[in-house]
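Dear colleague,

Please find below the structure that I am handing over to you. My notes on what was found in it follow directly after.

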Amino acid sequence: MELNVFIEKFAEQYEDTPKNQFCADLKFRELDEWSSLVAVGIMTMVDEEYGVVLTGEDIRESETIEDVFNIIKAKVAE
């Protein structure tokens with residue numbers, strides 16, 4: 001699992017935000033486009049791509065894209 005690939009897949013969940021804005025330390029919930037629908041899209045993508053179930057709490061506790069990535073890595077390692 002690579003962070004850069006994850007960031008690309010994460011960015012695909014946003015329709016209007018330019019993809020070049022996405023980086024590891026982006027505070028994704030501060031984007032204007034952030035919504036519960038985007039959150040569900042991210043959770044679905046993570047389940048399909050990585051076989052990991054993210055919870056709403058996982059998303060709420062994450063500030064940056066890298067935070068989400070690290071949660072996924074920890075769950076994969078379990």
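Glu63 is partly exposed, with a relative accessible area of 45%; here buried means under 20% relative accessible area, exposed means over 50%, and partly exposed lies in between (1.4 Å probe, protein chains only). Please note that this is a predicted model, in which local features need pLDDT of at least 70 and side-chain atom pairs count only at pLDDT 80 or more, while totals for chains, interfaces and linings use all residues. Residues are numbered from 1 along each chain as its sequence is written, and side-chain values use heavy atoms, with hydrogens and water left out.

Glu63 forms a salt bridge with Lys27, the closest N and O atoms being 3.8 Å apart. Because Glu63 lies in the loop between H3 and H4 and Lys27 in the loop between H1 and H2, the pair ties together parts that are 36 residues apart in sequence. Lys27 is itself partly exposed, at 38% relative accessible area. The helices named here are DSSP runs (H or I, at least four residues), numbered from the N terminus.

The count comes to three salt bridges, where a salt bridge is a side-chain nitrogen of Lys or Arg within 4 Å of a carboxyl oxygen of Asp or Glu. Another of them joins Glu49 to Lys9, with the closest N and O atoms 3.3 Å apart. This pair links distant parts of the chain, as Glu49 is in helix H2 and Lys9 in helix H1, 40 residues apart. Glu49 is partly exposed, with 43% relative accessibility. There is also a salt bridge between Lys75 and Asp58, whose closest N and O atoms are 2.7 Å apart. Here the link runs from Lys75 in helix H4 to Asp58 in helix H3, 17 residues apart. Lys75 is partly exposed at 26% relative accessibility, whereas Asp58 is buried at 11%.

Leaving aside residues up to four places away in sequence, Phe6 touches Met45, Val46, Tyr50, Ile65, Val68, Phe69 and Ile72; contact means heavy atoms within 4.5 Å.

Within H4, the buried residues are Ile65, Val68, Phe69, Ile71 and Ile72. They cover an arc of only 160° around the axis, so they sit on the same side of H4; the arc is that of the directions from the helix axis to the C-beta atoms. Among the elements that cover these buried residues are H1, H2 and helix H3 (56-61).

Finally, Thr17 is placed in the loop between helix H1 (3-11) and helix H2 (36-50). Thr17 is buried, with a relative accessible area of 9%. The Thr17 side chain makes a polar contact with that of Glu33 (2.7 Å); such a contact is a pair of N or O atoms within 3.5 Å, where within protein one must be able to donate a hydrogen and the other to accept it, and residues adjacent in sequence count only if both atoms are side-chain atoms.

With kind regards

Definitions and conventions:
Helix = DSSP H or I, 4+ residues; strand = E, 2+ residues; numbered from the N terminus.
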